[in-house]
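Visitor: I would like to see how the contacts between chains are described. Please show me the structure.

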Amino acid sequence: VLWIYVIGVASAAVSGVLAASRKRLDWFGASVVAIVTAVGGGTTRDLLLGQRPVFWVTDPSLVGIAFSAALGTIGFTRRYTVPRRALLWVDAVALGAFAVLGARVALEAGATPVMAVVLGAMTSVVGGVLRDLLCVEIPVLFRGEVYALAALAGAATYVALVLHTHADALASAAGTAVALTIRVIAILAKVRIPVVPHRDIEAA
Amino acid sequence: VLWIYVIGVASAAVSGVLAASRKRLDWFGASVVAIVTAVGGGTTRDLLLGQRPVFWVTDPSLVGIAFSAALGTIGFTRRYTVPRRALLWVDAVALGAFAVLGARVALEAGATPVMAVVLGAMTSVVGGVLRDLLCVEIPVLFRGEVYALAALAGAATYVALVLHTHADALASAAGTAVALTIRVIAILAKVRIPVVPHRDIEAA
Amino acid sequence: VLWIYVIGVASAAVSGVLAASRKRLDWFGASVVAIVTAVGGGTTRDLLLGQRPVFWVTDPSLVGIAFSAALGTIGFTRRYTVPRRALLWVDAVALGAFAVLGARVALEAGATPVMAVVLGAMTSVVGGVLRDLLCVEIPVLFRGEVYALAALAGAATYVALVLHTHADALASAAGTAVALTIRVIAILAKVRIPVVPHRDIEAA
């Protein structure tokens, strides 16, 4: 299932270029934002786990794919409009696939099950947070989308199944499917996470 | 003195939720900001020292406490106003306690005394910087508060005493007290650090 | 050629103080921004490579130089205007020198040639990105300047030459010169990287 990661990295890179173009970044800056969006989650996971070096220093293929996807998107947007809706579906599949991948890496590195779930979800979503910070925007992850919760559910499904059945392929498929299903239902039913009420009227 | 860390993590988490609520984040995003505020300093310290994995991957208790404090705060703010003044005092105690804790971890990892002071202070204050960056605000740490300087003084007191007397409990108490005293005096006397004059009128 | 790093760290620190003064930071915050600007690139490189601890934990001299340069700049700007044009030239020399230094460290740590080029360029430019993020500005690196591309070219020149000739001094000089030349030509000829067109008119 390597192709699922290729698609996931490419869709993350596209979202990075789109965010960068809204802020009038140059094509080099947009490519950097695209690459950070694509590999930022796995990089953060590896740093926190103490994997060294981080994965893309020894295997630059995902960085290359992200860079290619960024250049392709920049060329594409000169003439066409990016089909946002299609991107949303591709991204939902990648969300689950990367959460499962991240949880597997964390378990193999000796993380506890709970932390493997957390680090799995981080693998999926931290790239987008870094993308928004580089563009000086409040992360869209924190603004109501059912996104990280779907990644957490997918990673938890994978970790629970793989620890009990030792069937990695089955657990991976189930974890990806759970994340995808939750994400798709949230999009279709327009479910959003409620905002925290702002009440601290006292002076700082 | 484990309770002092529990209180410190909880007060950091509360400040994270308050910052998030000002930016209209959802409850999940506010919880993430709260957890990052609580464990971001120690995480940065561990990454810079090369401790692997970072502390909360193997001991998730502080993350759990921060998450509980975040949910509690979100529930609390639905009905009540958070007593900012009380928070300020709790935070001043935690400021010193975490600076001492961070300096001890750094010394044990082989850092030089000067760097143990720096990494100790970072353990106390970096979480708040990350909180502000996630909320796309200029860090309050850089805007005049006598906060990091108190942490530096507390960590320096601890490092100097523990290296000369080898009495860890005494040095810890003294370091925490020094940081607390400086912070409290600065709050009461309204001492602020002067702003850097802005004079570069030449064009870039 | 230690002096080249001293000058580079100092010029990075000056740029940090100037950025901080535009945002009305206090002198402590400005010093922190200056130090992060100066050592942020090398720190990121070491974290990604898994060097532990990061370089300045065991050798605090560059942090000390950056802090001194920050305090000197703060004092200087109370009376005088910083000569921006001179800074630009000093910075162009440092750009190449740090790219070469970073590439050498990466090669010695076992990175592939391509990743050594990337990590070399990151050593030069990531400090400025962190400076802008701490000041809540979109990184100037992404806004049209021919800066990271010059660092990449310099690092690539160094890596290609040192792997083929094993003459480190020659390769270092050539790499620094290539980066400097590209940067200077771009400044003099006012070459800028084109902005990515913004076309996603569809609703998110």
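Guide: Chain B and chain A bury about 3100 Å² between them, with 67% of it on carbon and sulfur atoms. This is a predicted model: local features need pLDDT of at least 70, side-chain atom pairs count only at pLDDT 80 or more, and totals for chains, interfaces and linings use all residues. Residues are numbered from 1 along each chain as its sequence is written, chains are lettered from A and ligands numbered from 1 in the order in which they are written, and side-chain values use heavy atoms, with hydrogens and water left out.

Visitor: Why is the area between chain B and chain A called buried?

Guide: Buried area is the accessible area (1.4 Å probe) that two parts lose on being put together, summed over both. Chain B and chain A lose about 3100 Å² in this sense, so that area is called buried. The size of an interface is often given this way.

Visitor: Which three residues supply 19% of the area that chain B buries against chain A?

Guide: Asp26(B), Phe28(B) and Arg84(B), more than any other three residues.

Visitor: What makes a residue part of the contact between chain B and chain A?

Guide: Contact means heavy atoms within 4.5 Å. By that rule, 36 residues from chain B and 36 residues from chain A take part.

Visitor: How many salt bridges and polar contacts are there between chain B and chain A?

Guide: The salt bridge count is zero. A salt bridge needs a side-chain nitrogen of Lys or Arg within 4 Å of a carboxyl oxygen of Asp or Glu. Six residue pairs are in polar contact, both at pLDDT 80 or more. That term asks for a pair of N or O atoms within 3.5 Å; within protein, one must be able to donate a hydrogen and the other to accept it, and residues adjacent in sequence count only if both atoms are side-chain atoms.

Visitor: What is H2(B), and what does H2(B) give to the side that touches chain A?

Guide: H2(B) is a helix, 27–49. Helices (H or I, at least four residues) are DSSP runs, numbered from the N terminus. H2(B) gives the largest share of that side, eight residues.

Visitor: What are the values between chain C and chain B?

Guide: 37 residues of chain C are in contact with 36 residues of chain B. The buried area is about 3100 Å². There are zero salt bridges, and seven residue pairs are in polar contact.

Conventions: Helix = DSSP H or I, 4+ residues; strand = E, 2+ residues; numbered from the N terminus.
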